[in-house]
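The tour goes from stop to stop, each time with something to select.

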Amino acid sequence: MLFSSAREIRRKEVMERHQVLERIIETIKCIGKNSMSYRSHTNESSYTLENNNVSLGNFLEILCLISKFDDVLRLHLENVINKSKNRLESNSSITKGRGNLITFISKTTVTYIIQILKSLIQENIVADIKEAGIYSNNISIPSGVPQGGHISPLLFILYMNDVGLVFKHTQFSMFADDLKLFYNINSLDDGSKLQDDFDNFKAWCYNNGLQVNINKCNSISFFRTKSPLNIAYYSYNYLLPKVDSIEDLGVIFSSSLSFTAHIQSITIKASRSLGFIIRNTRDFNNIVSLKILYFSLVRSIPEYCSILWNPYQLVWINNRKSSK
């Protein structure tokens with residue numbers, strides 16, 4: 001009798017979780033269909049779900065909205081919030097990341113999902129090749145995602161989604177596979193915290209079958225003081241090069257927070273593009289074509305991220321105008 005009762009309770013729990021997952025899956029499909037962003041940069045911890053002043057990202061915001069009219073999801077989120085609050089009280093170091101409490105999807109389950117999607121994609125590719133009458137050997141690719149595949153970005157997000165949970169002290173910024181760690185360094189202890197998080201990231205990469213490209217790793221300090229702390233950072237036994245400037249997503253940042261090097265670079269690049277157009281369009285009579293070439297090949301260069309580096313010194317303003 002007791003066994004039957006426990007089995008019935010378990011069956012009810014499974015059914016409730018199925019209902020929750022159905023709503024979660026439909027939410028994800030809605031986000032994907034409308035090309036909406038999935039996550040928020042911060043404030044995804046479950047204990048913040050009750051705070052209406054916090055932006056939780058489209059996924060969690062939609063779930064919270066549905067829960068106002070759906071008892072199944074409402075009870076689930078209430079349970080999740082209570083668990084998250086208890087976890088926060090027992091471990092104050094947990095400050096970000098929603099963990100597995102919202103979706104019940106563990107890391108192992110995510111791996112299974114990726115494998116299933118990978119198999120489906122391979123089967124579809126093979127079927128398309130056979131239908132086209134162009135045959136090739138079927139080669140199993142143990143890593144990576146199909147280039148240009150519609151679902152490839154989602155597979156990549158699933159694979160990298162939990163990387164932010166390994167950083168205990170620092171903040172991070174990520175664009176595709178480009179990751180930056182940053183922290184306010186006021187003492188040697190702060191430098192140790194940054195090194196610890198970098199070591200945590202390397203351990204995460206090792207556990208997930210990834211390798212850190214050390215040749216593309218650099219260290220840079222942004223400061224205004226005359227005597228900043230000079231702290232060395234290591235990857236295994238390799239000293240990370242300390243640079244005075246670095247290019248990030250097409251913008252050159254210098255340690256003094258000056259964009260002089262970037263302005264010089266784009267001025268030269270825009271001037272070269274303008275010279276190319278002048279040399280090769282001497283016989284052009286259509287002003288519309290010339291405008292299209294200018295706006296696409298020349299003007300687009302100084303306008304890229306101009307809201308970030310737009311100069312206020314007269315000398316650089318004139319230098320920028322020289323390429324127009």
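Which residues of helix α2 (residues 58-67) are buried? Select the helix and colour these in turn: Phe-59, Leu-60, Leu-63, Cys-64 and Ser-67 are the buried ones. They lie on the same side of α2, because the arc they cover around the axis is only 130°. Keep in mind throughout that this is a predicted model.

**The whole protein**

Now zoom out and show the whole chain as a cartoon. The protein has 10 helices and 6 strands. It has 324 residues, and 26% of these count as buried. Switch to a surface view: the accessible surface comes to about 22,800 Å², and carbon and sulfur atoms account for 56% of that. Contacts can be looked at by distance along the chain as well. Among contacts between residues at least 6 apart in sequence, 59% join residues at least 24 apart.

Go back to the cartoon and select Arg-23 and Asp-70, with side chains shown. These side chains meet in a salt bridge, at 2.9 Å from N to O. Which parts does the pair tie together? Arg-23 belongs to helix α1 (residues 2-33), while Asp-70 sits in the loop between α2 and α3 (71-90), so the bridge joins parts that are 47 residues apart in sequence. Is Asp-70 buried or exposed? Asp-70 is buried, with a relative accessible area of 16%. That value falls under the 20% limit for buried residues. Arg-23, at 22%, is partly exposed.

Next, select Asp-71, Arg-74 and Glu-78. A network of salt bridges links these three residues. Over the whole structure, a search finds 8 salt bridges.

**Lys-180 and two partners**

Lys-180 forms a salt bridge with Asp-178, with the closest N and O atoms 3.4 Å apart. Lys-180 also forms a salt bridge with Asp-248, where the closest N and O atoms are 3.3 Å apart. What does the pair of Lys-180 and Asp-248 tie together? Lys-180 lies in strand β2 (residues 178-182) and Asp-248 in strand β5 (residues 245-248), so the pair links parts that are 68 residues apart in sequence.

Lys-180 counts as partly exposed at 23% relative accessibility, and Asp-178 is partly exposed at 30%. Asp-248, in contrast, is buried, with a relative accessible area of 19%.

**An aromatic cluster**

Select Phe-167, Phe-172, Phe-201 and Trp-204, and show the rings. These four form one aromatic cluster. The structure holds 5 aromatic pairs. Look at Phe-167 and Phe-172: their ring centres are 5.3 Å apart and their planes stand at 45°, so this pair is tilted.

How accessible is Phe-167? Phe-167 counts as buried, at 2% relative accessibility. Phe-172 is partly exposed, with a relative accessible area of 29%.

Stay with Phe-172, which is placed in strand β1 (residues 171-175). Phe-172 and Phe-182 are 10 residues apart in sequence and 6.1 Å apart in space.

**A buried serine**

Select Ser-235, in strand β3 (residues 234-235). Ser-235 counts as buried, at 1% relative accessibility. Which residues does Ser-235 touch, not counting those up to four places away in sequence? Show Phe-198, Lys-202, Ile-214 and Leu-240, which are its contacts on that count.

Where is Tyr-304 placed? Tyr-304 is in the loop between α8 (287-303) and α9 (306-309). Its relative accessible area is 40%, so Tyr-304 is partly exposed.

Conventions:
Residues are numbered from 1 along each chain as its sequence is written. This is a predicted model: local features need pLDDT of at least 70, side-chain atom pairs count only at pLDDT 80 or more; totals for chains, interfaces and linings use all residues. Side-chain values use heavy atoms; hydrogens and water are left out. Rings of Phe, Tyr and Trp (its six-membered ring) pair if their centres lie within 6.5 Å; planes under 30 degrees apart count as stacked, over 60 as edge-to-face and the rest as tilted. Buried means under 20% relative accessible area, exposed over 50%, partly exposed in between (1.4 Å probe, protein chains only). Helices (H or I, at least four residues) and strands (E, at least two) are DSSP runs, numbered from the N terminus. The arc is that of the directions from the helix axis to the C-beta atoms. A salt bridge is a side-chain nitrogen of Lys or Arg within 4 Å of a carboxyl oxygen of Asp or Glu. Contact means heavy atoms within 4.5 Å. Accessible areas come from the Shrake-Rupley method with a 1.4 Å probe; for residues, only the protein chains shown count as cover.
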